[in-house]
Amino acid sequence: MSRSATNDQCPRLPSALAALAAALLMQDPALSQPQQQPTAREQLQALFAESWAVDLKFDPLFATHCGVHDYNHLLPNVLPEAEAAYAARNRQFLQRLAAIDRSRLAPQEQISYDVFRRLKQDALAEFELGA
């Protein structure tokens, strides 16, 4: 290929790349649209799932009772440091819960929101009282 042929093709490269990128974006709608913030419902569901996983790991006997056998080889860690770490996680869950707009939830989800908040507040109160 001669040098002039190469120079003739180079200006086309950026436009070819742009066309390829546009074609890829049109094939995958997730790439062509800006990422949307999760809905209040999605945030709440994610919070519940993460909290459940933390609860199961914190209390392996409860996990086994619930049919989750990932922690069968463990016993609960009752050291003060472990209890304090669990309380800190519950505080974080309450902060994340407060950031979710309760008014944007369906009525049943609002009840779940309230029950979750009460359970985490009670768990923190028990920790703080040394119960």
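Visitor: Let's start with Phe 58. Is Phe 58 buried, exposed or partly exposed?
Guide: Phe 58 counts as partly exposed, because its relative accessibility is 24%. Buried means under 20% relative accessible area, exposed over 50%, and partly exposed in between, with a 1.4 Å probe and protein chains only.

Visitor: Before we go on, what kind of model is this, and how are things counted?
Guide: This is a predicted model: local features need pLDDT of at least 70, side-chain atom pairs count only at pLDDT 80 or more, and totals for chains, interfaces and linings use all residues. Residues are numbered from 1 along each chain as its sequence is written, and side-chain values use heavy atoms, leaving out hydrogens and water.

Visitor: Good. What's the overall fold made of, helices or strands?
Guide: The chain has seven helices and zero strands. Helices (H or I, at least four residues) and strands (E, at least two) are DSSP runs, numbered from the N terminus. In order from the N terminus, the elements run α-α-α-α-α-α-α.

Visitor: How much of the chain is buried?
Guide: Of its 131 residues, 19% count as buried.

Visitor: Give me one. How do Phe 48 and Phe 116 sit, stacked or tilted?
Guide: Phe 48 and Phe 116 are tilted, at 5.0 Å centre to centre with 45 degrees between the planes. Phe 48 lies in helix H4 (residues 40-58) and Phe 116 in helix H7, so the pair ties together parts that are 68 residues apart in sequence.

Visitor: Are those two buried or exposed?
Guide: Phe 48 counts as partly exposed, at 25% relative accessibility. Phe 116 counts as buried, at 9%.

Visitor: What about Phe 58 and Tyr 86, stacked or tilted?
Guide: Phe 58 and Tyr 86 are stacked: 3.8 Å centre to centre and 5 degrees between the planes. Phe 58 is in helix H4 and Tyr 86 in helix H6, 28 residues apart, and the pair links distant parts of the chain. Tyr 86 is buried, with a relative accessible area of 17%.

Visitor: Which residues are closest to its centre?
Guide: The lining has 10 residues, and the closest to the centre are Phe 58, Glu 83, Tyr 86, Ala 123 and Glu 126. Helix H6 (80-98) and helix H7 (107-129) each supply at least two lining residues.

Visitor: How does the lining split by class?
Guide: Seven nonpolar, one polar and two charged. Ala, Val, Leu, Ile, Met, Phe, Trp, Tyr, Cys and Pro count as nonpolar, Asp, Glu, Lys and Arg as charged, and the others, Gly among them, as polar.

Visitor: Now H7. What does it bury?
Guide: Glu 109, Gln 110, Tyr 113, Phe 116, Lys 120 and Leu 124 are buried in H7. The buried residues of H7 pack against H4 and H6.

Visitor: And what does Asn 90 touch?
Guide: Asn 90 lies in helix H6 and is buried, with a relative accessible area of 1%. Not counting residues up to four places away in sequence, Asn 90 touches Lys 120, Ala 123 and Leu 124.

Visitor: Last one. What follows H7?
Guide: Gly 130, whose phi is positive, near 75 degrees.

Key:
1 Å grid on protein atoms, 1.4 Å probe; cavity = no way out; pocket = protein on both sides within 12 Å on 5 of 7 lines; lining within 4 Å. Phe/Tyr/Trp six-rings, centres within 6.5 Å; stacked < 30°, edge-to-face > 60°. Contact = heavy atoms within 4.5 Å.
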